[in-house]
Amino acid sequence: MFLEVKGIKKAFGEGSSRVEVLKGIDLALERGEFCVLLGPSGSGKSTLLNIIGGIDSADEGEIFIGGEPMGKMKEKQLTMYRRQHLGYIFQMYNLIPNLTVRENIEVGAYLSKNPLNIDEILQTLGLAEHAGKLPSQLSGGQQQRTAIGRAIVKNPDILLCDEPTGALDYKTSKEILKLIETVNQTYGNTVVMVTHNDAIKNMADRVIRLRDGQVRDNRVNTAKIPAEELEW
Amino acid sequence: MKNPLRKRLLRELRSDFGKYAVIFLLLVLSISEISGFLVAAESMIAAYDESFEKYNIEDGNFTAEEKMSPRRIRAAEELDISVYELFYSDQTAAGGQTIRIFKMREDINLACLMDGRIPEAENEIALDRMFADNNGLRSGDPIEIGGKRWLISGLVALSDYSTMFENNNDMMFDSKMFGVSVVTPEAFSQIPEEDLVWRYAWKYDAFPATTAEEIDVSDALAYDLNRIVPLTGFVPRYANQAIMFTGDDIGSDRAGMTMFLYIIIVIIAFVFTVTTSNTIVKEAGVIGTLRSMGYTKKELICHFMTLPVIVSLAAALAGNVLGYTVLKKVNADLYYGSYSLPTYVTLWNASAFIETTVVPLALMLIINFLLLSVRLRYSPLQFLRRDLTRKKKSRAVRLPRFLPFFSRFRLRIFFQNISNYVLLFVGILFANTLLMFGLMFPDVLQNYQESVPDDMLAEHQYVLQLPAGAVDEDNKVSSLLEMLYFESEVDTENEDAEKFSAYTLKTLKTQWIKDDEVLLYGIVPDSRYLNLSLKEGDVYISGSFAEKEMLSPGDSFTMKEVYEDDTYDFTVTGIYPYHGALCIFMRQDDLNGMFDLGEDTFSGYFSETPITDIDRKYIGQEIDYSSLTKVSRQLTISMGGMMKVVDAFAVIMFVIMIYLMSKIIIEKNAQSISMTKILGYSDSEISRLYILVTSIYVIAVMVLSIPPVSAVIQWLFAVIIRMEMSGWIPFRISNAVYRTMILMGSVSYLLIAALEYRKVRGVPMGDALKNTE
């Protein structure tokens with residue numbers, strides 16, 4: 001297994017206000033697998049994604065990437081781990097306002113020893129004609145596409161997507177999902193996508209349902225359909 | 001691949017040009033001024049140090065009561081010294097100034113020609129360059145001195161008069177009312193002998209190795225010389241203020257100016273970090289994303305530090321160029337206004353470069369690095385969640401309901417921006433301190449000058465000068481005869497005159513208070529000039545002495561003989577409200593008894609009218625309005641220009657701080673301002689909310705800072721006077737200073753408020769609806 005999550009527990013607060021967000025999560029993903037984490041608000045899916053991404057820590061349990069445990073990593077090693085292996089896409093695009101589309105993507109490329117070709121990515125993302133624009137000149141969908149470009153340009157082993165379509169309309173959301181699908185198929189990255197949109201599960205290789213801090217369902221999607229055909 | 005984040009820098013600079021421009025300007029102003037000052041000071045000091053050898057400056061001088069015969073000179077030279085004639089005559093110019101005329105020097109204390117040429121004809125005179133400048137005289141101008149018309153052939157700097165001390169024991173030099181000059185030997189020979197002072201300079205055959213040795217050797221020399229010829233004055237070089245003061249003073253200015261620069265740099269570094277902190281809060285999401293992607297904290301610190309460092313570096317370079325070119329001359333001219341220095345050559349000054357460039361940049365780097373390390377210490381997740389505080393979210397401050405809605409709104413804005421307001425407070429306090437320092441200085445001097453006439457003990461005081469032969473311990477008979485003759489010569493018919501005894505002692509030097517020579521007056525019973533009924537053993541001290549030495553009635557203090565180690569203890573009976581000089585009042589018989597002066601001995605006169613029937617040669621010192629205001633007059637000349645620079649600087653500092661802070665506050669609230677616009681608030685209502693808070697705050701801080709700033713300035717002033725100067729100037733400032741401060745502050749603020757109003761109007765309504773960074 002490429003990504004293994006074993007017995008992850010996480011709680012917030014202390015005493016009477018202590019809330020257990022993750023109550024012992026186990027899961028495993030193959031390299032190149034497209035996994036969707038589904039669940040209602042507060043089910044712990046974003047927390048789990050953040051722990052996998054090394055920007056939050058677990059109280060108990062261990063995560064292995066390519067067989068290597070993350071738990072013993074210090075702050076600097078974690079940063080290097082994110083730098084070398086991870087790409088992040090958030091609901092908020094968080095683009096740098098005074099850099100152009102191309103430069104925002106370069107921000108990601110800078111971190112990689114073998115970045116992908118930026119022009120190709122711009123083409124793939126349909127941003128070639130907007131390459132010289134600033135984020136304020138773009139629509140929400142275009143901004144999210146730029147954020148995807150920034151995440152994938154360094155060709156990460158794992159692409160973590162936290163509600164990437166949460167702020168977008170139906171049509172734009174589908175465009176973004178198609179792009180993530182293309183990226184997954186073209187570059188073979190492992191994708192973990194958090195969403196509360198039940199329909200999105202249909203495009204995944206694996207669907208994991210979380211509720212109340214626990215994995216309620218973890219199964220391979222045998223009826224996978226292209227993002228293009230998703231309806232909600 | 002180069003870090004693409006660097007592409008932001010130029011755009012950041014362009015988009016926030018106003019902020020960077022004012023910071024750049026402030027840095028350039030400070031660095032160029034200090035760099036110019038340091039280069040000028042170092043070059044001046046080098047020229048001054050070099051002048052000792054180049055112009056063959058004396059190792060000391062003595063004044064003989066009569067012209068020395070060749071035999072006496074030979075006898076003196078047997079004391080391992082070479083003796084040179086340095087006769088002079090003090091004459092009064094048409095404008096009332098005293099001009100000391102020397103014969104053109106050829107072997108010692110040589111003159112440096114600064115303009116024109118040396119005198120060649122009998123009616124030609126070369127005046128001291130600084131005296132000429134301060135009195136508006138130039139080469140080629142005629143001048144009347146001692147009733148004779150002279151033509152100024154040129155301007156010179158005499159190497160033994162870099163500072164214009166008329167007498168070595170003067171409290172302060174006077175470069176406007178006292179000057180030196182040289183004339184041809186022929187012209188000098190026409191001055192009647194009775195008008196000449198028989199001064200001689202000496203050079204040691206072997207200069208003593210250390211200052212301590214120099215003191216011992218010169219003490220012995222004074223004793224030996226006095227046995228060869230009666231002396232009326234003896235000043236070894238180390239004690240000669242006219243030669244040594246310049247070096248000491250330039251050195252002490254240096255420390256003050258450098259400290260001033262560092263304070264400004266620290267404030268600017270804080271301004272940078274506050275503005276950067278604001279950017280960090282604004283861009284928290286982006287920073288969180290970058291950190292999630294794998295950007296290290298160090299990379300981000302470097303990124304946010306780059307612009308402040310580039311701006312500082314550019315400012316340091318521009319400042320140094322300006323300093324070396326324009327401001328070096330301005331500062332050199334300030335020195336040339338106080339000191340008569342020879343021409344100087346600009347020296348490349350490594351320490352000035354380090355102090356004005358390397359140290360400020362290092363300070364900027366360190367402060368920015370530390371504060372950014374703190375601001376960027378949060379985890380990527382905290383940045384993504386905009387959770388940038390270690391503290392638990394505090395609850396909203398409870399505000400009383402009876403307050404109108406607008407007032408509560410304004411208070412909320414104030415609490416939300418408290419950190420900016422704290423920095424603004426520091427900035428205003430610093431700017432106000434500078435402003436007050438600049439405004440207070442001329443005012444204090446002016447007040448002092450104006451208070452002197454009401455405060456004088458008498459219109460004229462004459463301190464008599466006892467001939468050296470009158471105190472010859474080895475020849476008591478001749479000494480007695482000399483004394484009798486002296487007493488008959490110093491009697492006056494003037495009915496206003498009242499005798500007093502006098503004796504000079506020195507205060508003990510401490511770490512914080514410079515030693516001073518203090519005149520002890522022995523007052524006759526029922527004095528017409530002092531409103532004091534002194535009882536036996538009473539010791540009253542002048543108000544200025546009490547203030548300088550921090551003495552109160554009942555306190556004890558110790559003083560010592562000027563040239564010996566004998567000490568005397570006193571206990572203060574009371575303080576006499578006189579601020580003209582540091583002095584002590586006691587009964588005449590007490591004073592005569594204390595110093596074994598003889599029962600009927602007296603040392604001088606108080607008089608309302610000038611005493612004209614005593615030969616001038618018996619008058620050692622005349623204390624009148626002119627001599628009492630010498631210090632304030634000189635300080636006005638030498639510091640006046642500098643104070644205007646300080647004022648200008650303070651106003652700029654004030655404007656910049658308010659501009660930057662109010663800009664940050666408005667930018668921080670752009671979204672709320674935009675939202676209030678959408679809700680239907682008018683621009684003026686929004687301005688009342690967002691600008692009025694700052695206005696009220698600025699005015700409140702300006703007014704409330706006056707008492708603490710005034711206390712700090714008063715303390716600083718007292719410390720400077722105690723440590724650096726002889727005598728005392730009481731700190732009295734008029735209300736006009738406070739009014740001017742508030743007026744200058746308010747006018748500056750109005751300007752900024754207008755800019756702020758434009759900024760508020762410029763906030764687009766769309767800002768509230770944006771969900772992007």
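In the predicted model, the side chains of Lys203(B) and Asp59(B) meet in a salt bridge, with 3.9 Å from N to O; a salt bridge is defined as a side-chain nitrogen of Lys or Arg within 4 Å of a carboxyl oxygen of Asp or Glu. Lys203(B) belongs to strand β10 (residues 198-204) of chain B and Asp59(B) to the loop between α2 and β1 (60-64) of chain B, so the pair ties together parts that are 144 residues apart in sequence. Helices (H or I, at least four residues) and strands (E, at least two) are DSSP runs, numbered from the N terminus. Over all chains, the structure holds 35 salt bridges.

This is a predicted model, in which local features need pLDDT of at least 70 and side-chain atom pairs count only at pLDDT 80 or more, whereas totals for chains, interfaces and linings use all residues. Residues are numbered from 1 along each chain as its sequence is written, chains are lettered from A and ligands numbered from 1 in the order in which they are written, and side-chain values use heavy atoms, with hydrogens and water left out.

Between chain A and chain B, 30 residues of chain A are in contact (heavy atoms within 4.5 Å) with 28 residues of chain B. The two chains bury about 2700 Å² between them, 60% of it on carbon and sulfur atoms; buried area is the accessible area (1.4 Å probe) that two parts lose on being put together, summed over both. Asn94(A), Asn98(A) and Tyr110(A) supply 23% of the area that chain A buries against chain B, more than any other three residues.

Four salt bridges are counted between chain A and chain B. Arg11(B) forms a salt bridge with Glu103(A), the closest N and O atoms being 2.5 Å apart. On the side of chain A that touches chain B, two or more residues come from each of α2 (75-85), β6 (86-89), α3 (101-109) and α5 (140-152) of chain A. By class, this side of chain A has 15 nonpolar, seven polar and eight charged residues; Ala, Val, Leu, Ile, Met, Phe, Trp, Tyr, Cys and Pro count as nonpolar, Asp, Glu, Lys and Arg as charged, and the others, Gly among them, as polar.
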